[in-house]
Amino acid sequence: MWERTMGRQVLISICVFSLNAVLGQVSYSIPEEMAKGSLVGNIVQDLGLDVKRLKAGKARIFTRDTTEYIELNEERGVLLIKERIDRETLCGQTTPCALHFQIILENPMEFYSITIEITDVNDNAPLFEKSDVKFKISESAVSGAKFILDGAIDLDVGINGLQSYVLKPTDNFALKIHNQADGSETLEMVLEKPLDREKNEHVPLILTAVDGGKPQMSGTMKILISVLDANDNAPIFTHPIYKVSIREGAALGTVVTTVTATDADDGSNGRITYSISRMLDHNRGMFEVNEHSGEVSLSGVVDYEKARAFQINIRAIDEGGLVDSCKVIVDVVDVNDNKPEIHIMSKSNVISEDAKANTVVTMINIEDADSGDNGKVRCTINDDIPFLIKSASNNFYSLVTDSDLDRERASAYNISVSCSDGGVPSLSSSVRITIQISDVNDNAPVFDESSYSAFISENNPPGHSVFTVKANDVDWNQNARVSYLLVDYSVNGVPISSYVSVSADSGVIHAVRSFDYEQIKDFQFLVKAQDGGSPPLSSNVTVKIMIQDQNDNPPQVLYPVQTGGSLVAEMVPRSADVGYLVTKVVAVDVDSGQNAWLSYKLQKATDRALFEVGLQNGEIRTIRQVTDKDAVKQRLTVVVEDNGQPSRSATVNVNVAVADSFPEVLSEFTDFTHDKEYNDNLTFYLVLALAVVSFLFITCLVVIISVKIYRWRQSRILYHPSLPVIPYYPPRYSDTLGSGTLQHVYNYEVCRTTDSRKSDCKFGRAASQNVLMMDPSSTGTTQRIQSEKNILDEPDSPLEVRPD
């Protein structure tokens with residue numbers, strides 16, 4: 001029978017609408033008292049969802065009630081009975097009776113409102129408050145006299161509720177039912193046939209209350225009538241209905257109203273007693289009446305949210321048993337005594353920083369049990385945050401993003417939701433929601449510097465740590481993990497990886513090889529910093545490495561050239577004054593800076609009192625007047641020393657001939673290399689002179705060619721792409737200050753590197769050049785060689801400079 005009733009009463013209606021988050025509404029109708037586990041409805045089918053969506057969205061039921069009557073089966077997508085539902089306990093006399101709850105889904109957030117109407121089942125029989133009542137009725141009571149009876153109470157509603165009454169026997173009394181304007185009924189037992197105390201001193205009656213359910217249920221009350229002597233006037237109330245109001249929360253004992261009834265009889269027949277007759281369950285114990293004065297006072301706590309009105313049936317009875325009744329209707333006035341209740345419907349408090357505006361973060365349910373303005377709620381959140389709170393529907397709010405989020409600016413937000421009602425004074429409540437912002441790889445690594453410069457000394461060991469680049473990424477976790485790598489690049493056609501390497505984790509740059517300042521002075525390359533995001537972001541920085549020079553090269557003497565086959569001598573006339581420029585020692589150092597600052601010192605000399613060497617310029621000058629006593633042959637040893645730490649040096653020997661003529665020099669230098677025993681034979685010398693002159697001529701040609709080849713080879717040896725431009729001073733260099741006594745004027749010649757031919761500098765040629773070349777084995781005369789062309793002007797010389 002129950003199953004047939006359920007089949008007839010289950011009704012489904014679906015309504016779906018959207019506001020920021022998807023909202024839907026489904027209504028079901030089920031009978032009360034269904035067994036646990038009974039099917040309520042297929043929520044997946046009715047809402048057009050999928051079982052997988054329920055699982056993925058972590059579907060759950062949200063209800064404000066402490067007792068959960070309905071549960072959601074995610075595997076089947078159906079609603080089942082979780083606890084037995086008693087409609088009378090749940091709703092009392094209120095109809096229709098319904099359960100309201102929501103189904104919440106996440107990712108994305110959706111919620112659906114579910115309404116389940118609980119229909120009544122005839123499970124309660126009509127029940128009288130008293131199982132028996134007693135009346136004392138005078139035998140003088142006339143036909144038509146009315147006696148008020150307390151009706152029965154049936155907790156069921158509708159057709160299952162109380163339908164009719166039956167009074168038996170009907171010898172003296174008839175039952176009349178009067179319907180009141182408020183829908184209630186008044187039972188009157190009407191005397192149709194006068195009583196005869198002498199016949200029946202006690203008249204028993206049975207009042208039966210019958211409902212309309214199937215099967216039909218009933219309840220009975222015994223009525224025992226004691227017949228008295230005549231009392232022909234019944235009490236009469238001043239008003240049949242009393243209407244009053246009382247504020248909820250009024251103090252106990254507060255007098256609500258006073259009812260008054262009068263009886264025209266005298267004596268005990270006119271003495272009236274007041275009492276409360278029938279009351280519904282929720283009214284019991286709330287009011288009491290003074291049986292003598294008729295004052296109705298409050299005896300319980302009045303709560304507008306539980307009951308908005310009360311109906312009190314008060315009876316006045318005289319001692320003759322005649323009664324009258326009235327109703328007291330008490331309206332409860334609402335007081336703003338309930339704060340808004342805030343319920344957070346979502347458990348997910350994480351949102352990505354790339355979420356767009358108007359993305360729903362969470363749903364909030366607001367309830368205020370008060371009515372009118374006292375129940376109107378307005379919600380706000382704290383300022384200066386990128387969120388808004390919007391009213392989604394009645395009693396529902398959605399917290400949405402208002403602008404773009406940036407985790408690097410704020411990784412979390414503490415949102416205070418405050419809700420206040422419209423009462424006076426207003427009541428409010430608040431709740432704090434913490435929203436975590438998840439990171440998105442939207443920031444590239446940033447180097448500490450816009451560019452880097454570092455120094456490293458030449459001749460460094462391979463693997464030497466040069467310095468460290470550092471980049472920071474303001475993202476979080478993996479997105480902020482920075483790795484370093486070299487950007488594909490080449491220096492002088494060589495991959496940069498052959499020069500340096502970079503540690504992927506620390507950014508430390510190591511030298512892969514040893515550097516030579518004379519080969520490369522600086523180079524630059526790019527380092528990329530790349531984060532661990534997907535896709536990764538990166539940035540580049542320029543790194544310039546500058547090689548610092550070390551004093552690893554000794555000075556190189558360019559002039560005078562040290563030859564092994566013949567003696568080269570500088571000639572100083574005996575008439576030379578003080579400060580006469582003999583020659584100039586020219587040297588270079590391929591190092592740089594102070595490592596290339598050269599100083600010249602006279603280490604040894606045949607006559608140290610005759611010559612001195614300029615400390616800075618290497619000029620050899622006389623320091624006194626040359627005399628006839630001075631030896632023709634003078635040998636000077638000059639040390640060229642750089643300014644490095646430690647310093648390096650080179651030594652050069654300078655031969656000086658003190659003489660006014662070439663024969664004098666020739667005789668002196670030939671004596672230096674030949675035995676004296678041949679001077680005695682003049683004839684031999686005359687013959688030998690002719691041979692020497694011929695031999696000397698051939699020798700000079702060979703020497704000139706050899707010197708040119710030697711200088712060419714020396715220039716090739718000294719060739720270096722990074723050699724600095726060094727001034728070259730020829731013999732008998734003319735002092736610009738005019739302190740020398742040379743007879744000829746000479747121009748400068750410059751020794752340059754091969755790559756210097758790209759410059760605009762031009763060489764000048766010497767007007768003349770006198771060099772005394774002495775063959776140690778010769779005995780003939782000295783020939784004067786005038787160089788027609790400087791060695792630097794040779795066509796195949798590596799130092800050739802073409803004229804413009």
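Predicted model: local features only at pLDDT ≥ 70, side-chain atom pairs only at ≥ 80, totals over all residues.
Strands β25 (residues 309–318) and β26 (residues 323–333) pair in the antiparallel sense, with nine bridges between them.

Zooming out, β25 and β26 belong to an open sheet of four strands, ordered β19-β26-β25-β22, with mixed pairing. The edges are β19 (241–247) and β22 (272–276), each of which pairs on one side only. From one strand to the next, the twist averages 25°.

Now for the rings. The structure holds 14 aromatic pairs. Phe447 and Tyr452 make an edge-to-face pair, with 6.3 Å centre to centre and 75° between the planes.

Which parts of the chain does the pair tie together? Tyr499 is in the loop between β41 (494–495) and β42 (500–502), while Phe523 is in strand β44 (residues 522–530), so the link spans parts 24 residues apart in sequence. Tyr499 has a relative accessible area of 4%, so it counts as buried under the 20% cut-off. Phe523 is buried too, with a relative accessible area of 3%.

Tyr499 also has a charged neighbour over its face, namely Arg513. Here are two such arrangements:

| Charged residue | Ring | Distance to ring centre |
|---|---|---|
| Arg513 | Tyr499 | 4.3 Å |
| Lys521 | Tyr517 | 4.9 Å |

Two more spots are worth a look. Asn655 lies in strand β54 (residues 649–658). Is Asn655 buried or exposed? With 13% relative accessibility, Asn655 counts as buried, because the cut-off is 20%. The side chain of Asn655 makes a polar contact with the side chain of Arg635, at 3.1 Å.

Thr627, by contrast, sits in the loop between β52 (619–622) and β53 (633–642). The relative accessible area of Thr627 is 34%, so this residue is partly exposed: the value falls between the 20% and 50% limits. How far apart are the C-alpha atoms of Thr627 and Ser575? They are separated by 7.8 Å, although the two residues are 52 residues apart along the chain.

Conventions: Residues numbered from 1 in each chain as written. Heavy atoms only, no water. Helix = DSSP H or I, 4+ residues; strand = E, 2+ residues; numbered from the N terminus. Buried < 20%, exposed > 50% of the residue type's maximum accessible area, 1.4 Å probe, protein only. Polar contact = N/O pair within 3.5 Å; in protein donor to acceptor, adjacent residues only side chain to side chain. Pairing = 2+ DSSP bridges. Axes fitted to C-alpha atoms, helices over the stretch in contact; angles between N-to-C directions. Phe/Tyr/Trp six-rings, centres within 6.5 Å; stacked < 30°, edge-to-face > 60°. Lys NZ or Arg CZ within 6 Å of the ring centre and 35° of its normal.
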